[in-house]
Amino acid sequence: MRYVESVPTAKPISVIGLGTWQFGSREWGYGDAYADTRARAIVRRALELGVTLVDTAEAYAFGRSERILGEALGEDRERAYVATKILPVLPTAPVVQQRAVASAARLGVQRIDLYQVHQPNPVVHDGTTMRGMAALQRVGLVGDVGVSNYSLARWQQAEGALGGRVLSNQVQYSLVDRRPERELLPWARAAGRLVIAYSPLGQGLLSGRYDATHRPGNGVRRYNPMFLPENLERAQPLVRVLREVADAHDVTPSQVALAWVVHDPHVVAIPGASSVEQLEANAAAADLRLPEDEVTELGRASDRLDLLTGGATLRPMLRTLLRRDSTTRPFSHFRPDIHV
């Protein structure tokens with residue numbers, strides 16, 4: 001395992017971490033056996049492999065993800081760099097402090113290593129939110145402060161409001177979505193900050209497992225326009241390049257995609273894992289060093305990716321849903337326990 005060297009922190013941060021959105025969340029379709037047994041085994045194995053960064057949120061399964069993670073860490077909590085996120089509904093200073101106490105209790109920790117604002121609140125400015133964060137740091141309940149899904153301007157404003165370092169911005173970043181390269185990454189490099197990449201495998205699009213005739217079955221992916229048959233077909237040239245690079249290193253396309261994301265010293269990735277084996281493969285990607293020509297080749301293949309987005313996805317999405325319903329029962333995909 002490799003660790004972040006570009007940014008000083010109280011605990012080492014592994015460049016490949018573990019995302020835990022799926023812990024206890026019904027929308028992923030993993031079931032109770034996963035939440036009760038496999039999730040804990042994944043966390044235990046992650047610690048054995050030197051994975052320190054584990055990321056959760058109070059919104060994941062309404063706090064159940066935090067509880068599962070805390071129980072799995074057990075007496076080894078201090079070995080992990082534990083990150084969680086506050087759902088910013090009325091994130092005033094007192095609310096931020098109360099919610100941090102609740103998250104720490106669910107996690108079973110005395111100190112949250114990284115406490116992040118899950119989304120920018122469009123009404124409540126970060127001044128009051130960061131006053132709460134600063135108070136949490138003063139009493140020692142929070143180590144580092146982070147944000148998630150913030151623009152560069154708002155990230156910088158949050159840091160000004162905190163009066164100190166806002167260590168990280170957790171955003172979607174992969175060969176499928178490279179928007180952080182426009183502003184976030186250049187500033188992170190210049191200021192000594194981190195970008196935490198969620199969905200670093202494009203929710204599995206880059207794994208090579210799916211194509212137009214083999215689409216994903218769980219709720220999160222099934223109703224994501226990225227997995228439309230048309231988009232799966234458009235992604236095949238990029239997947240072929242991933243496979244070529246993977247074959248050259250005797251690894252998998254997923255490992256290459258992860259290695260590409262973390263080749264920048266100011267980026268760490270938090271892929272999820274449905275099994276211990278997948279966790280092990282993800283962790284191994286930390287030690288895969290891609291030469292610059294392969295990094296460039298993958299970037300060029302990504303530049304050529306032209307997925308349908310926005311309004312262009314509405315008609316094919318409806319067509320796909322209707323086709324699926326013709327083989328099941330009408331409107332069976334509208335389940336109240338699925339949050340898409």
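**Strand pairs, burial and charge**

Colleague: What makes β1 and β2 a pair, and in which sense do they run?

Modeller: Two bridges join β1 to β2 in the parallel sense; strands pair if DSSP finds at least two bridges between them. Leu18 stands opposite Val54 in β2. The names follow DSSP runs numbered from the N terminus, with helices (H or I) of at least four residues and strands (E) of at least two. This is a predicted model, in which local features need pLDDT of at least 70 and side-chain atom pairs count only at pLDDT 80 or more, whereas totals for chains, interfaces and linings use all residues. Residues are numbered from 1 along each chain as its sequence is written, and side-chain values use heavy atoms, with hydrogens and water left out.

Colleague: How do you know where the edges of the sheet are?

Modeller: The sheet is open, has eight strands in the order β1-β2-β3-β4-β5-β6-β7-β8, and is paired in parallel. β1 (18–19) and β8 (267–269) each have a single partner strand, so one side of each lacks a neighbour in the sheet and both stand at the edges.

Colleague: Why is strand β3 called largely enclosed?

Modeller: Buried means under 20% relative accessible area, exposed means over 50%, and partly exposed is in between (1.4 Å probe, protein chains only). Six of the six residues of β3 (residues 81–86) are buried, so the rest of the structure largely encloses the strand. In a regular strand, side chains alternate between the two faces of the sheet. Here Tyr81, Ala83 and Lys85 point one way, Val82, Thr84 and Ile86 point the other way, and all are buried. Strand β7 (residues 194–198) is mostly covered, with four of its five residues buried.

Colleague: How is Leu87 classed, and what patch does Leu87 belong to?

Modeller: Leu87 lies in the loop between β3 and α3. Its relative accessible area is 35%, so Leu87 is partly exposed. Leu87, Val89 and Leu90 make a nonpolar surface patch of about 270 Å². Patch residues have over 30% relative accessible area and no salt bridge; nonpolar side chains (Val, Leu, Ile, Met, Phe, Trp, Tyr) are joined within 5 Å and like charges within 9 Å. The areas come from the Shrake-Rupley method with a 1.4 Å probe, and for residues only the protein chains shown count as cover.

Colleague: What makes the charged surface patch negative?

Modeller: Its members are Glu244, Asp247, Asp250, Glu292, Asp293 and Glu297. Asp and Glu count as negative and Lys and Arg as positive, while His and the chain ends are not counted. Each charge is placed at CG of Asp, CD of Glu, NZ of Lys or CZ of Arg. Helices α9 (236–249) and α12 (292–303) each supply at least two patch residues, and α12 gives the largest share, three residues. Asp250 sits in the loop between α9 and α10 (253–261); its relative accessibility is 73%, so Asp250 counts as exposed.

Colleague: How do you know that Glu280 and Arg45 form a salt bridge?

Modeller: Their closest N and O atoms are 2.8 Å apart, and a salt bridge needs a side-chain nitrogen of Lys or Arg within 4 Å of a carboxyl oxygen of Asp or Glu. Glu280 is in helix α11 (residues 276–284) and Arg45 in helix α1 (residues 31–48), so the pair ties together parts 235 residues apart in sequence. At 30% relative accessibility, Glu280 counts as partly exposed, and so does Arg45 at 26%. The whole structure has 19 salt bridges.

Colleague: Are Glu159 and Arg193 buried or exposed?

Modeller: Glu159, at 15% relative accessibility, counts as buried, and Arg193 is buried at 12%. These two form a salt bridge with closest N and O atoms 2.9 Å apart. Glu159 lies in helix α5 (residues 152–162) and Arg193 in the loop between α6 (184–191) and β7, 34 residues apart.

Colleague: How do Arg179 and Asp177 compare with the cut-offs?

Modeller: Their side chains meet in a salt bridge at 2.5 Å, N to O. Arg179 has 48% relative accessible area and is therefore partly exposed, whereas Asp177, at 10%, is buried.
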